[in-house]
Amino acid sequence: MVQYQSGITLVVLLNILWSILQISIPFITKALVDTGIQNQDMDIVWILLISQFLIFIGITIADIFRKWLLRHIGVRVNLQLILKFLSGIIKKPYSFFSLKEQGNTIQHFNDNLRIESFLTNHSSNFFNAIIKLLMFGILLFIFDAYIGWVFVAFNILLIIWVNLFISTREYVDENRFKLSAVVRSELIEIFSGIIDLKSYNQEINRINAWDQVQTKFSDIRLNMLRINQLIFGGIDSLSQMRDIAILFIAAKLTIESSMTLGTLIAIQYILGNLNQPIRKIIDFVPQYQDAKLSLKRINAALSFDQGSATDQLSVDIPKTAGITLENVGYAYSEKKYAVKDINMDIPFGKSIAILGESGSGKSTLMKMMLKLLPVGTGKIFIGPKKLSIIDSKSWLNNCSVVLQESILFQRSVLYNITFEEESANTDLERVYRCLELCEVLDVVEALAHGLRSIVGEEGINFSRGQAQRIILARAMYKNVDYYFLDEPFSALDRLTYKKVFKNLRDGLEKKTLIIVTHKMEVAKKMDMIYLLEEGELVEKGNHESLSKLGKKYSDIFLSED
Ligand code: ADP
Ligand code: MG
């Protein structure tokens, strides 16, 4: 905000100048009527008219300049607010980003806009209005104190009226926010799932369902408009009554000769000038209330945090450390554990397969090891250190990850592997080698621009199996000690995944490799196998020992053709 200070000071000075110019007008008017017209002195009339004209020009120039300044400050403040909000949101733990949150996040942008508009337009209008109200209010008392009190009394009634609606508005606004987040996340879902909806002929149904929510949302907005209409209708009526009452009193005083005609006209002018700031101050109340609600929501969103304070976390990752899980559990909801009481020992440099039916908790377990999810119950150790005291960014720097949610970005193939568009810092040879190991080099080389081809552009769209291999190449390109691959071969045919897996094993020898997989051929060749069932660890060993055990693992293995 510091950089706007000189601008803001200028605006304040201009406002004061503007107000001084304005308050001189009623005195000039009074003089015009009481001295000029009554004494039939044309010279005075001319002088007064010319000075009034000059004041008018001064006011206009000051006003144009003030508005220009405010607009400029406003745009910058807005950009900064949005950036601050975005960088706050992006630091949130992975678990924060559900679909519902996407709708909410977009909604929060509107909240930011509201605050921006409040900070720039409304608050400056408000302060202008307060200055103007004070100045003309004092003037009113100077011209006639009795009328001044009548004015105050009516305004107290106005304030009471507006206050009656505050809690109703708050309630309606909260509903409006919730529903509009639903409207948005629905829309995101419809577009991201359009192929599924279309292939089941559901797109029209979904849009209709969306329209119903949208209609409900419109109803709420109408409700809000109705409340506002009621508030402002009341305000307008009260203001009218106030002005009529004051005019009546002033006219009576003038007829009784206890007030000059000049004063009567000056009071008329003052009343005219008081209406506008009062209206603005009253407009300000709902705006202030809305901005406050928006700010409350934004702060609530930003303070959602599952991790502990980052500054006390350790950034040193123990060297050649194994991973140990002690009674680890996780529950997404209070009712049911997704994984429960897991004990695992993953020695450094070994390869581990995690097996289990879908829903048995494999991905959850892996995300906890990566600290993408907080450890629910129990403890995870990296060597001697507890994962909970390790900074998750430092830990992730040592890990290479393929998740089931992993996607290709609509950038170049090169970016999709290295996260860099330029090859200045990249080891191109390594990129090619990884593509080759993942059996996808020929696919990339067949593209018109090779590594520079943009995914999603010019008809470049990879099949799921191709995309999966590029995502694997991304994981292999990162040269680290720990590799976490969640069903990395799910979309590959038998011949391809066997080749890719062999290359991967050879390429990642001496690395710690954790693969979640359904492929028995993969599991068979891993150093250790952990079998999960409904969130619990039921068998562990290697292929030989588990086959001999003759339980679940050998059942699955034998049932594979
Ligand atoms: P797997 O990877 O073995 O298929 P997951 O770890 O994905 O299993 O899921 C384990 C259990 O947790 C499942 O019952 C699943 O329904 C539930 N689950 C997974 N992710 C979430 C989530 N984000 N919110 C709530 N429940 C979840
Ligand atoms: Mg999974």
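Helices (H or I, at least four residues) and strands (E, at least two) are DSSP runs, numbered from the N terminus. The model is predicted, so local features need pLDDT of at least 70 and side-chain atom pairs count only at pLDDT 80 or more, whereas totals for chains, interfaces and linings use all residues. Residues are numbered from 1 along each chain as its sequence is written.

Helix H2 spans residues 42-90 and contains Ile57. Ile57 is partly exposed, at a relative accessible area of 34% (between the limits for buried, under 20%, and exposed, over 50%; 1.4 Å probe, protein chains only). Ile57 belongs to a nonpolar surface patch with Met42, Trp46, Leu49, Ile50, Phe53, Leu54, Phe56 and Ile61. Patch members have over 30% relative accessible area and no salt bridge, and nonpolar side chains are joined within 5 Å. A salt bridge is a side-chain nitrogen of Lys or Arg within 4 Å of a carboxyl oxygen of Asp or Glu.

Six strands build an open sheet of mixed pairing, in the order S6-S7-S8-S3-S9-S10. Strands S6 (399-402) and S10 (536-541) are its edges, each pairing on one side only. Pairing requires at least two DSSP bridges. Neighbouring strands are turned by 15° against each other on average, direction ignored. S6 runs parallel to S7 (residues 482-486) over four bridges. Cys399 has Tyr482 of S7 as its bridge partner.

Helix H14 (residues 464-477) lies across S6 and S7, at about 175° to S6. Helix H18 (residues 552-559) lies across S3 (351-356), S9 (528-533) and S10, at about 95° to S9. Contact means heavy atoms within 4.5 Å. Axes are lines fitted to C-alpha atoms, for helices over the stretch in contact, with angles from 0 to 180 degrees between N-to-C directions.

Key: Chains are lettered from A and ligands numbered from 1 in the order in which they are written. Side-chain values use heavy atoms; hydrogens and water are left out. Patches are made of residues with over 30% relative accessible area and no salt bridge: like charges are joined within 9 Å, nonpolar side chains (Val, Leu, Ile, Met, Phe, Trp, Tyr) within 5 Å. Accessible areas come from the Shrake-Rupley method with a 1.4 Å probe; for residues, only the protein chains shown count as cover.
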